Amino acid sequence: MKIKRTHIPEKILNYRNKRISQENLMEQVWRIFEEESQKDRVILDSLNDDSEVEESNNFDFNLLEGVNIYHLSDIERICIDYRLRFLSSAIFKGELPYEAISKIKHFEKIHNTSLKGFKIMAPAKVFKLKNADDPLLFAPIGNQYYYLIHSWGTDLHPLRKVMMWPFKNLENFIVAVIFISLILTAMVPEGLFSKQQTTSEFFMVFFFMIKWVGGISIFYGVKMGKNFSSAIWRSRFYNA
């Protein structure tokens, strides 16, 4: 039986709709447009190449589709669940498909503006990260809202969320270590240490397994410079 692959644009839309209705979202974005039209835009100069300034684009509100508007909190949740990065398109090491470029040109024409501040959501391997599969291209609207311009590539494997669950945060990691240790303990043949395994022997082996699994996991994480998804989803560093 063929397993259906995970379509990230559909997942992030589901997350957003659970948090806020499209009508309320459009009202919030409309207020942002009104606020932006009543004040001068302050442009902050970057002190160095690594600093990122929150930018916004002059979209025509009436031409925007609510289904493509996402708050940073929606993006953060999907990045943590699927261990993705949300970074500047400037460090994207692949080539943007011509369809994405055509959509950008189309948006600039109908909105009569030049888009800037593009962000891409994708696995870390598609970015040129500093040392310390399904990209989505976003353009900032303002006030931490982003507009989905285009998505391309193959959908993520449906089991990616499950496989990346232990790496979301420390709590998940500890639960995963305990669960794996429990399975390994149950696989130890009965009578290996004595003719009849007692409860105390079971827990002794279980605690040994926790130390073994946890030790290997921590050693690998420290050696490879890994961190939890909740801490790296906007990091420009490979070993953040």
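Predicted model: local features only at pLDDT ≥ 70, side-chain atom pairs only at ≥ 80, totals over all residues.

Reader: Thanks. Where does that term come in for β3, and which residues are buried there?

Author: In β3, K119 and M121 on one side are buried, and so are I120 and A122 on the other.

Reader: What is it built from, in terms of helices and strands?

Author: The protein has 8 helices and 5 strands. Read from the N terminus, the elements follow the order α-α-β-α-β-α-β-β-β-α-α-α-α.

Reader: In what order do the strands sit in the sheet?

Author: They form an open sheet in the order β1-β5-β4-β3-β2, with antiparallel pairing. Two strands stand at the edges, β1 (69-71) and β2 (85-88). Each of these has a single partner strand, so one side of each is left without a neighbour in the sheet.

Reader: What is the average angle between neighbouring strands?

Author: Neighbouring strands of this sheet are turned by 35° against each other on average, if direction is ignored.

Reader: What holds strands together in general?

Author: Strands of a sheet pair through backbone hydrogen bonds, in either a parallel or an antiparallel manner.

Reader: Over how many bridges do β4 and β5 pair?

Author: Strand β4 (residues 136-142) pairs with strand β5 (residues 145-151) over 6 bridges, in the antiparallel sense. Within this pairing, A139 has Y147 of β5 as its bridge partner.

Reader: And which strands does β3 pair with?

Author: β3 pairs with β2 in the antiparallel sense over 4 bridges, and F86 stands opposite M121 of β3. β3 also pairs with β4, again in the antiparallel sense, over 3 bridges. There, I120 has L137 of β4 as its bridge partner.

Reader: Is N143 buried or exposed?

Author: N143 counts as exposed, because its relative accessibility is 52% and the cut-off for exposed is over 50%.

Reader: What about N112, where is that?

Author: N112 is in the loop between α4 (98-111) and β3. Phi of N112 is near 55°, a positive value in a residue other than glycine. With a relative accessibility of 71%, N112 counts as exposed.

Reader: Next, the helices. How do α1 and α3 cross?

Author: The axes of α1 and α3 come within 9 Å and cross at roughly 130°. That makes α1 oblique to α3. The crossing of the two helices is right-handed.

Reader: Which residues make that contact?

Author: From α1, the contact is made by I8, K11, I12, Y15, R16 and R19. From α3, the residues are S73, D74, I75, R77, I78, D81 and Y82. By type, the residues of this contact divide into 6 nonpolar, 1 polar and 6 charged.

Reader: Is α3 enclosed or open?

Author: In α3, 8 of the 11 residues are buried, so the helix is largely enclosed by the rest of the structure. The buried residues of α3 are L72, D74, I75, I78, C79, I80, D81 and Y82. Just after α3, R83 takes a positive phi of about 50°.

Reader: I75 has come up in both lists. What does I75 touch?

Author: Leaving aside neighbours within four places in sequence, I75 is in contact with I12, Y70, F86, M121, F138, Y146 and W233. I75 counts as buried, because its relative accessibility is 0%.

Reader: And how far is I75 from L13?

Author: I75 and L13 are 62 residues apart in sequence, and their C-alpha atoms are 9.8 Å apart in space.

Note on methods. Residues numbered from 1 in each chain as written. Heavy atoms only, no water. Pairing = 2+ DSSP bridges. Axes fitted to C-alpha atoms, helices over the stretch in contact; angles between N-to-C directions. Parallel < 35°, antiparallel > 145°, perpendicular 65-115°, else oblique. Left-handed = near helix turned anticlockwise from the far one by under 90°. Contact = heavy atoms within 4.5 Å. Nonpolar A, V, L, I, M, F, W, Y, C, P; charged D, E, K, R; others polar. Buried < 20%, exposed > 50% of the residue type's maximum accessible area, 1.4 Å probe, protein only.
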